[in-house]
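Q: I want to learn to read salt bridges in a model. Can you take me through some cases?

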Amino acid sequence: MKTKGYAALSAKKALEPFNFDRRNLKDNDVALEVLYAGICHSDIHQAREEWGPAIFPMVPGHEIVGRVIEVASKVSKFKVGDLIGVGVFIDSCRKCSSCSAGLEQYCVEGMTGTYNTYERDGKTIAFGGYCDKFVIDQDYAVHVPSNLDLSGVAPLMCAGITLYSPLKNWGAGKGKKVGIMGLGGLGHMGLKFAHALGAHTTVFSHSPSKESDAKAMGADDFVVTKDITALKPMYKSFDLILNTISADIDLDPYLQLLKLDGTLVVIGLPGKPYAINVGTLLDQRRSLTGSMIGGVAELQEMLNFCGEHNIVSDVEVIKSDYINQAYERTVASDVKYRFVIDGKSF
């Protein structure tokens with residue numbers, strides 16, 4: 001299948017137009033026209049080879065919303081014309097304990113990423129969603145509610161599920177006090193979900209200018225963290241805190257905000273390991289843990305929840321020829337709150 005997209009040909013080059021062939025449909029595959037593709041900060045890290053050796057040419061993109069244009073002989077989950085979503089992975093071993101439990105993102109053999117990896121045959125490069133067409137096994141795609149703004153749905157496929165999953169896993173809801181560290185592409189989704197789940201939600205941000213946005217999205221409280229002593233009055237009061245900040249910061253003041261058996265979940269990836277004060281964990285039996293995206297079933301659950309509560313990401317829609325500028329602006333945190341590429345522009 002002839003496909004037009006944008007690719008990084010090496011770590012030192014800007015992304016450029018790239019034509020390639022998608023595979024012919026296997027029995028369980030669906031083909032889709034890409035309507036929108038979100039830009040995730042992890043796309044930038046991988047395209048610039050900042051997370052270790054990468055595979056080039058690389059077509060990034062794992063926040064994909066499209067419309068089904070063809071289905072293979074054994075497909076029953078989708079029909080032509082359906083809205084469809086593709087997230088961070090496109091396959092897994094399908095037989096380990098994690099896959100059997102619907103936690104494909106934690107596949108014991110390793111999930112197959114949407115790009116910058118090889119498909120399960122070990123030789124076919126997986127190309128991502130910065131393109132006009134995509135092919136995927138029906139079991140690894142999800143239905144998209146038709147009532148949502150599709151451009152705002154694209155980031156839900158990564159940023160959205162990355163925040164929804166820990167909120168659900170650690171029981172955010174009515175009667176719970178939840179903190180969100182950072183109000184960026186990830187944090188603003190955590191805020192929207194925590195608020196919709198009924199939790200009392202506090203945003204911690206170093207940017208005072210974001211308070212009005214936070215309140216409009218449902219924040220009960222907004223705390224400016226330039227002066228870290230501002231946290232002291234809230235010590236031992238939170239059930240759950242989600243850290244969406246990728247910078248290297250001192251977690252100890254935030255851990256001290258947790259009440260007995262409270263949990264701080266790390267979601268952002270810092271440049272180096274955290275230094276942890278174990279005494280703070282021992283006090284109040286606190287937990288420090290991590291979380292990564294969600295399985296296919298949970299991704300569908302999240303989209304259904306978004307459809308019910310009219311939740312989408314705040315986005316700036318761009319054309320494909322603006323990708324490199326969008327990368328620079330993303331690194332500079334100059335976007336509210338995610339860039340999304342119009343699939344018609346490839």
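Q: Is Arg120 buried, partly exposed or exposed, and what is its relative accessible area?
A: Buried means under 20% relative accessible area, exposed over 50%, partly exposed in between (1.4 Å probe, protein chains only). Arg120 is partly exposed, at 37%. This is a predicted model: local features need pLDDT of at least 70, side-chain atom pairs count only at pLDDT 80 or more, and totals for chains, interfaces and linings use all residues. Residues are numbered from 1 along each chain as its sequence is written, and side-chain values use heavy atoms, with hydrogens and water left out.

Q: Which side chain meets Arg120 in a salt bridge?
A: A salt bridge is a side-chain nitrogen of Lys or Arg within 4 Å of a carboxyl oxygen of Asp or Glu. Here Arg120 pairs with Glu109, N to O at 3.6 Å. Glu109 is exposed, with 52% relative accessible area.

Q: How many salt bridges does this rule give?
A: The count is 23. One of them joins Asp21 and Lys2 at 3.3 Å, N to O. Strands (E, at least two residues) and helices (H or I, at least four) are DSSP runs, numbered from the N terminus. Asp21 sits in strand E2 (residues 16–21) and Lys2 in strand E1 (residues 2–7), so the bridge ties parts 19 residues apart in sequence. Lys2 is exposed, at 63% relative accessibility.

Q: Which residue forms a salt bridge with Lys74?
A: Asp27 does, with the closest N and O atoms 4.0 Å apart. The pair links distant parts of the chain, 47 residues apart. Lys74 is exposed at 57% relative accessibility. Asp27 is partly exposed at 41%.
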